Amino acid sequence: MNIGVIFAGGSGRRMNTKSRPKQFLEYNGKPIIVYTLELFDNHPMIDGIVVVCIEDWIPFLEKQLKKFEINKVVKIVKGGNSGQESIYNGLVAAEEYAKDTSDTVVLIHDGVRPLITEETITDNIKTVKEKGNCITCIPATETFIVKQEDGSLEIPTRDNSLIARAPQSFYLNDIISAHRQAQKEGKTDFIDSCTMMSYYGHRMNTIIGPMENIKITTPTDYFIFKAMVEVHENQQIFGF
């Protein structure tokens, strides 16, 4: 079984929106979160979707699912006090839904990353089944500078540098066990799932995803998203 765990629990402070969180901003009458959910809902290898949502916005999301005929969402759960806690809530819901967690794959994805592709989802699932996990990345296009504890600087070459994005995908048993271990140890500040899994000794595997797979967190990101949607629509209509 393959389950998408979509995180839509952020409040969007960097977007400076006053009326609604960023994941519910609309373009062409459709919220960003729906663009994201459609990709998973339409994918033939996805069996179910769990959405982690701001509690006050769950009724609105339920209406949008009906309006846009999103059929694979099996559960909507409220977010936690942190991103790590919110993802755990989603994983627990996936665990409750899955008939057999031993071979269940979960794809953890941001609700405000609506520009992934069907191929990216397919590659995540295949890589987990072949290698145990999968982190969607893009090549580094700028120079990274890593500050060491002694104050010195390390500058890795771009050839050896990738930028981690999403989905980040795992066997459900592996990632939920890591979360429960972190809870026992009182570790609540893991920035993302691959950081947590790496900390607990898992070797991460990667694929290269599309460069446009941005996370919409600022007004600039939103305008890039609009432009990319228009490009995709023009390709469908005019064939270029």
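Reader: Which residues of helix 4 are buried?
Author: T120, I121, T122, N124, I125, T127 and V128 are the buried ones; buried means under 20% relative accessible area with a 1.4 Å probe, protein chains only. Helices here are DSSP runs of H or I with at least four residues, strands are E runs of at least two, and both are numbered from the N terminus. Keep in mind this is a predicted model: local features need pLDDT of at least 70, side-chain atom pairs count only at pLDDT 80 or more, and totals for chains, interfaces and linings use all residues. Residues are numbered from 1 along each chain as its sequence is written, and side-chain values use heavy atoms, with hydrogens and water left out.

Reader: OK, what covers those buried residues of helix 4?
Author: The cover includes strand 1 (2-8), helix 1 (32-41), strand 6 (105-110) and strand 7 (133-139).

Reader: And what happens just after helix 4?
Author: G132 takes a positive phi of about 105 degrees there.

Reader: Switching topic: how many residues are in the largest nonpolar core?
Author: It has 27 residues, and L61 is among those with the most contacts inside it. Such a core is a set of buried Ala, Val, Leu, Ile, Met, Phe, Trp, Tyr and Cys residues joined through side-chain atoms within 4.5 Å. Its largest share, four residues, comes from helix 1.

Reader: What does L61 touch?
Author: Leaving out residues up to four places away in sequence, L61 touches F24, I33, L37, V51, C53 and I76, where contact means heavy atoms within 4.5 Å.

Technical notes. Buried < 20%, exposed > 50% of the residue type's maximum accessible area, 1.4 Å probe, protein only.
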